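Me: Hi! I have a new structure open and could use a hand reading it. Can we go through it together?

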Amino acid sequence: MPVQEFYNHHSELIQALQHTCTFENKKEMREFHRQVCGAFGSKSIFIETSAGPTEARVGDWVLKYPDGKFYVCSDEEFQATQIKNMVK
């Protein structure tokens, strides 16, 4: 099971996992989101979102909302808008 955390975002509880490009992280990403694509040797991955395939660079966050939709955001945006929730 991925080591994603839970966060509050505009009163919604979301799951989030940061892309770090380690071997373990790539495995966690595949478990977290079944439609992850990446080119051999590339540090970026592509996540299927409602807007189509979206690039996640190292440091970016993949967010999963309660409705099952996925989004990608930069670390700066994530740190400015997310509040960690201690729900397990």
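Me: Let's start with Tyr71: is it buried or exposed, or partly exposed?
Reply: Tyr71 is partly exposed, with a relative accessible area of 35%. Buried means under 20% relative accessible area, exposed means over 50%, and partly exposed is in between (1.4 Å probe, protein chains only).

Me: Before I go on, where do these values come from?
Reply: This is a predicted model, where local features need pLDDT of at least 70, side-chain atom pairs count only at pLDDT 80 or more, and totals for chains, interfaces and linings use all residues. Residues are numbered from 1 along each chain as its sequence is written, and side-chain values use heavy atoms, with hydrogens and water left out.

Me: Which residues stack?
Reply: Trp61 and Phe78 do, at 3.9 Å centre to centre with 10° between the planes. This pair links distant parts of the chain, with Trp61 in strand β6 (residues 61–64) and Phe78 in helix α2 (residues 75–81), 17 residues apart. Trp61 and Phe78 are both buried.

Me: And what does Tyr71 pair with?
Reply: Tyr71 forms an edge-to-face pair with Tyr65, 5.2 Å centre to centre and 90° between the planes. Tyr65 counts as buried, at 11% relative accessibility.

Me: New topic: which residues are buried in helix α1?
Reply: In α1 (residues 23–32), they are Asn25, Glu28, Met29 and Phe32. They lie on the same side of α1 because they cover an arc of only 105° around the axis, taking the directions from the helix axis to the C-beta atoms.

Me: How many helices and strands does the chain have?
Reply: The protein chain has two helices and eight strands. Helices (H or I, at least four residues) and strands (E, at least two) are DSSP runs, numbered from the N terminus. From that end, the order is β-β-α-β-β-β-β-β-α-β.

Me: Which residues make the salt bridge?
Reply: Glu55 and Arg57 form it, their closest N and O atoms being 3.4 Å apart. The structure holds one such bridge, meaning a side-chain nitrogen of Lys or Arg within 4 Å of a carboxyl oxygen of Asp or Glu. Glu55 is partly exposed at 30%, whereas Arg57 counts as exposed at 52%.

Technical notes:
Phe/Tyr/Trp six-rings, centres within 6.5 Å; stacked < 30°, edge-to-face > 60°.
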